[in-house]
Amino acid sequence: MKIILDAGHGMDTPGKRSPDGLKEYIINRAIANYARDALSQYANTQILFTHNDKVDVPLQTRTKQANAAKGDCLVSIHSNAAGNGKAWHPATGIETYVYLKHSPATKTLAEHIHHQLIATAGLPDRGIKTADFHMLRETVMPAVLVECGFMTNQGDRQLLGSPLFQKTCGEAIASGIARTFSLSRPQQMNLPKKAAAKGLYKVQVGAYGNRQNADALAQKLTKQGYPAYIIFEQS
Ligand SMILES: [Zn+2]
């Protein structure tokens, strides 16, 4: 399963920043990294990036790469802007885009990712929309573009700049992809009793219905030197 993640823009793309100077790419890239980390927890996944830190990879190059790599799906990650982009604006919330003409598979992918973002990120639901975006039009696999909040809204911007929110969005994208393609995590499969099989035995120490409790335990473990991470399982 080849998953293509595309963090929109580049480090020095003109104009793409919040009124107080936070670069959109910094946000998008962080969310892409968290999505990659979460997706790596599933069996048989390979995650490819079309962006890089050195240049703003042209859109044509991004979609060519994605198509040449024969990706099974693509998610382009963005942060929204309203007004002239230089002043704060009241528009807020999360929206997800698909191409004007899209396959049922694309629609399902968009629904699963969008639903998970709305369920976990805590911002208003602006819905799933259609648009003639290059990343959606020129890709041959199911492709979705997410706008994880408005850089031009003061509340959204605080969230978009926070690692916890970026992680929540990254994990929501990963879990939407996982649900669409029925990806399985190693701990959901039959555990081999002997060590003959190659793989990882993972240790779970807690499961909470409340995100704060999970964060608190993860922080405690990290402080004690255990590399903890949080996985959200839909019940
Ligand atoms: Zn963007």
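Begin with the zinc ion, whose donors are spaced H-x14-E-x53-H along the chain. Select H9, E24 and H78: their donor atoms NE2, OE and ND1, in that order, lie 2.1 to 2.2 Å from the zinc. (Donors are N, O and S atoms within 2.8 Å of the metal, or 3.2 Å for Na, K and Ca; water is not among the atoms, so sites may look incomplete.) H9 sits in the loop between β1 (2-7) and α1 (24-39) while E24 belongs to helix α1, so this pair ties together parts 15 residues apart in sequence. Both H9 and E24 are buried, where buried means under 20% relative accessible area, exposed over 50% and partly exposed in between, with a 1.4 Å probe and protein chains only.

A quick note before moving on: this is a predicted model, where local features need pLDDT of at least 70 and side-chain atom pairs count only at pLDDT 80 or more, while totals for chains, interfaces and linings use all residues. Residues are numbered from 1 along each chain as its sequence is written, and side-chain values use heavy atoms, with hydrogens and water left out.

Now select strand β4, residues 94-98.

Look for Y97 opposite K129.

Last, show β6 (residues 143-150), antiparallel to β4 over three bridges. There, E147 is the bridge partner of E95.

Note on methods: Helix = DSSP H or I, 4+ residues; strand = E, 2+ residues; numbered from the N terminus. Pairing = 2+ DSSP bridges.
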